[in-house]
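The entries below follow the order in which I examined them.

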Amino acid sequence: MSAKIAVTGAVGRMGRMLIEAISQSANAELVAAVEHPSSSLIGSDAGELAGLGKNGVIIVDDLGKVIEQVDAVIDFTAPVATLENARQCSEHGKALVVGTTGFDNEQKAQLQAMQNQMALCIAANYSTGVNVCLKLLEQAAKILGDEYDVEIYEAHHRHKVDAPSGTALAMGEAVADSLNRDLDKVAVYGREGQTGARDRDTIGFATVRGGDVVGDHTVMFMADGERIEITHKASSRMAFARGAVRAAAWMAGQPAGFYDMRDVLGLK
Ligand SMILES: NC(=O)C1=CN([C@@H]2O[C@H](COP(=O)(O)OP(=O)(O)OC[C@H]3O[C@@H](n4cnc5c(N)ncnc54)[C@H](OP(=O)(O)O)[C@@H]3O)[C@@H](O)[C@H]2O)C=CC1
Ligand SMILES: O=C(O)C1=N[C@H](C(=O)O)C[C@H](O)C1
């Protein structure tokens, strides 16, 4: 049986891609689409906006109007919108797949506190490739230990509003945890001026924004005489969308609790 899905942020870059990915999935069915109340596209056909032709799903301005019809919600919007949608999912016990990035610590805590009322999946990146990279990074960091300097580079399109990317932060956390470091204490977000020599335990982040770059991430482990680089390059948002739809179909059958894409892929 296919899971009945609502997509929030339905007209956004990821929203449209998610609607297309659902149309290609045997395990998911689009039953609702939600957009910002101020959008001129409320009342439009979601399939048509995604370039698929009419599918009869009319875009509404509030998740509350459609939530009873769904098994799971996929939300790729912005932190404030995601928190509001999560509150509605928790009140109705609906599964939620969160793709939004850029939460502050307070927002993260508010989201995580809802895990007892709903099946909640949060991942900064739903592509299979990035989740395999996270696993490889844990292994590399454990083997290489403290002798290698770790730096993380990411590049995205000119419209991205948060930095560093959620994926870069997740990669930093994977490495820091494996090295028994606290990322909040060792992260360096950019360097300028007389910085002094590199502090051994730091994990540096470098951010590039421009053009239509879908998402590039490289983690470098550097020592005297050699360097290892683990790189992921996304060339289509479909890689994220397919993963999120897979997660939503899986989450629809899960008990309340906190999950990420590595649970969905069986990588834990
Ligand atoms: N986890 C993953 O695999 C991936 C995560 N992302 C993340 O997903 C998020 C969305 O990315 P993207 O699709 O490129 O962004 P877009 O800006 O294209 O889309 C976001 C959508 O959410 C809507 N939205 C924003 N704020 C609100 C609000 N307060 N209430 C209701 N609707 C709102 C926007 O409407 P409006 O334009 O009217 O504000 C828009 O339709 C980002 O955080 C991004 O980092 C992206 C790709 C992959
Ligand atoms: O905003 C984007 O586009 C992306 N955001 C996610 C992130 O912040 O890591 C995932 C992906 O890299 C694309």
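Predicted model: local features only at pLDDT ≥ 70, side-chain atom pairs only at ≥ 80, totals over all residues.

Entry 1: I began with the record: UniProt, in an unreviewed entry, places "domain: Dihydrodipicolinate reductase N-terminal" at residues 4-126. UniProt positions are given here in the numbering of this model, feature names are shortened, and annotations may be inferred rather than shown by experiment. Over residues 4-126 I found 30% helix and 21% strand, with the end C-alpha atoms 19 Å apart. I took helices (H or I, at least four residues) and strands (E, at least two) as DSSP runs, numbered from the N terminus. The unreviewed UniProt entry also places "domain: Dihydrodipicolinate reductase C-terminal" at residues 129-265. That span is 37% helix and 28% strand, and its end C-alpha atoms lie 11 Å apart.

Residues are numbered from 1 along each chain as its sequence is written, and chains are lettered from A and ligands numbered from 1 in the order in which they are written.

**Entry 2: ligand 1.** I looked up the shell around ligand 1, counting a residue as near if its C-beta atom, placed from the backbone, lies within 6 Å. The shell holds 25 residues, the closest being Gly-9, Gly-12, Met-14, Ala-81 and Gly-99. Helix 1 (13-23) and helix 3 (79-92) are the elements that give two or more residues to this shell. Helix 1 gives the most, with 3 residues. By class I recorded 10 nonpolar, 12 polar and 3 charged residues. In this scheme Ala, Val, Leu, Ile, Met, Phe, Trp, Tyr, Cys and Pro count as nonpolar, Asp, Glu, Lys and Arg as charged, and the others, Gly among them, as polar.

**Entry 3: ligand 2.** Around ligand 2 I listed Thr-101, Ala-124, Asn-125, His-156, Lys-160, Ser-165, Gly-166, Thr-167 and Gly-215. This shell divides into 1 nonpolar, 7 polar and 1 charged.

**Entry 4: helix 1.** I next checked burial: a residue is buried if 20 or more other C-beta atoms, placed from the backbone, lie within 10 Å of its own, exposed if 12 or fewer, and partly exposed in between. Met-14, Arg-16 and Leu-18 are among them. The cover over these buried residues includes strand 1 (3-8), strand 2 (28-34), helix 2 (46-49), strand 4 (72-75) and helix 8.

**Entry 5: helix 8 and Met-251.** Helix 8 has 14 residues and reaches 19 Å from its first C-alpha to its last, close to the 20 Å expected at 1.5 Å a residue. The expected span is 1.5 Å times one less than the number of residues. Helix 8 is mostly covered, with 13 of its 14 residues buried. Met-251 is found in helix 8 (residues 238-251), and its 26 C-beta neighbours inside 10 Å make it count as buried. I took a contact as two C-beta atoms, placed from the backbone, within 7 Å. Leaving out residues up to four places away in sequence, Met-251 touches Ala-72, Ala-95, Val-97, Ala-119, Cys-121 and Tyr-259. The C-alpha atoms of Met-251 and Ala-3 are 9.2 Å apart, although 248 residues separate them along the chain.

**Entry 6: helix 5.** Helix 5 (residues 128-144) buries Val-130, Asn-131, Cys-133, Leu-134, Leu-137 and Ala-141. Seen down the axis, these fall within an arc of 150°, so they line one face of the helix; the arc is that of the directions from the helix axis to the C-beta atoms. Gln-139, Lys-142 and Ile-143 are exposed on the other side of helix 5. The buried residues of helix 5 pack against helix 6 (166-178), strand 10 (215-223), strand 11 (226-234) and helix 9 (261-264). Asn-131 has 21 other C-beta atoms within 10 Å.

**Entry 7: backbone geometry.** Most residues other than glycine have a negative phi, and most peptide bonds are trans. I found a cis peptide bond between Ala-163 and Pro-164, with omega about -10°. Asn-180, which is not a glycine, has a positive phi of about 55°.
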